[in-house]
Amino acid sequence: MTASAHPNPSSIQLTQYSHGAGCGCKISPKLLETLLETRSNQAFFPNLLVGNDTRDDAAAYDLGNGTSVLSTTDFFMPIVDDPFTFGQIAATNAISDIYAMGGQPLMAIAIFGWPIDTLPAEVGREVIEGGRATCKAAGIPLAGGHSIDAPEPIFGLAVTGLVENRFLKRNASAEAGCALFLTKPIGIGILTTAQKQQKIQPAQLQVAIDAMSTLNRIGTELAQLDGVTAMTDVTGFGLLGHLIELCEGSDIAAQLDFAQVPVLPYVHEYLAQGCIPGGSKRNFESFGHKASGLFGSDLTPEQQAILCDPQTSGGLLVAIKFDAVESFQAVAQSHGLSLQALGRTLEAAAQTHRVEVI
C-alpha cells in the first residue's frame, strides 16, 4: 500500500496489522534460554547488583551511596485497536518493571516502529500521545526516543528508575514459608484473543483494558514492608512461568491453589469458545514439565490455559512472610484492592516439579 492509499484513521483496527498481541508476542522461554546462553556480566561489574542471571524485571546498578539506578525496556505490537489506548498499555507495561523492583521511575525514552507506507502518521502520533499520558500519570517525562520504519507497528519504553538498596526487590530472593499474592486478575491473553477473533463485546473487553492500563505503583510501597521477600510482574510467560522463575531463582518450591487464582470476568466464557493465545502453548511447552497437579497428576486443560495465559501489563506477584500479611493487605486496601493469598512457598522439592497446583 502506498502512502497515498492510507486507510481512514477512524476505521483502522491496529490488531489486524500485527501477527502477535502485546506480551503474547514475546519469544518463547525455551528459545530465549538459547538466545541468552552467555556468561554473566556480574563478575566483571561488581556494582551490577541485578543483571540477567535470573530473568529479573530490570537491571540494578549500585551507585555507591545506598541507592541503585534501575534500567529496563519493554515494547510490543498492538494488543488493542485504539492507538491512544495501545500507547497507554505499552507504557504502563514498561514502567511496571521499575515498580516490580521496588523502585520509583524517573524518566522514559520511547521505542517506536511504524509501517509508514501502510498506516497514517496521525495514528502513530496517537500511540505516542497515549504513552506520554501514562508517563505523566506516573509522574515522569517521556524525554525522547528512537523511531524506525518497521513492517508492523511497535511501541514501548526504555525506563530509568531509582531505588534504595534496602528496598530493592528481586524475583530470586523469595523464602520458603511465604504467602503468594497477585495484585491483578489474569486472563488478559484470552480476552484480547477474543478481540482479535472479533468475538468479544467492547464492554467485556474493557475489563482487560482497565487492568492493563492500571499502573503497578503499589510496588514501590510494598517493597518497603519488612515481610516482602520477592516481587516480579506477571507478563508474557504467564503466572506459571513467572512463578517458576521465582522458585528457581530462589531455590524453593510453591503450592498454588487454583481456586484462589484471581481471574478477570468473561475469561471462562471465551476460553470455552477456544480463545487461547498461541503464547499459552509456548509457555506450557517451556514450563509445563516443572509443574504438576495434585499428587503428581498432569495439569488439567483449564489449568494450563489459565496459568499459562500470557499477560500484558499484568499484576505483581508478591511473596510475603505470613506474619506480615496483615500489613500487606492494609497497603493493598489503601490502593482499593482486596486480595487473597493464592498459594504459598515451600522448601525446595526433591523432584523437578517446582510448582504443585491443587
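In which handedness of crossing does H2 pass H3? Before I answer, please keep in mind that this is a predicted model, in which local features need pLDDT of at least 70 and side-chain atom pairs count only at pLDDT 80 or more, while totals for chains, interfaces and linings use all residues. Residues are numbered from 1 along each chain as its sequence is written, and side-chain values use heavy atoms, with hydrogens and water left out.

The crossing of H2 past H3 is right-handed, a word used when the near helix is turned clockwise from the far one by less than a right angle. Helices here are DSSP runs of H or I with at least four residues, and strands are runs of E with at least two, numbered from the N terminus. Helix H2, residues 83-100, packs against helix H3, residues 121-137, at an angle of about 40°, and their axes lie 6 Å apart.

Now to two residues in loops. Gln198 sits between helix H4 (188-196) and helix H5 (202-212), and its phi is near 55°, a positive value in a residue other than glycine. Ser313 is placed in the loop between helix H10 (301-307) and strand E11 (316-321), and its phi is likewise near 55° and positive.

Are these residues buried or exposed? Gln198, at 58% relative accessibility, counts as exposed, whereas Ser313, at 1%, counts as buried, where buried means under 20% relative accessible area and exposed over 50%, with a 1.4 Å probe and protein chains only.

Notes
Axes fitted to C-alpha atoms, helices over the stretch in contact; angles between N-to-C directions.
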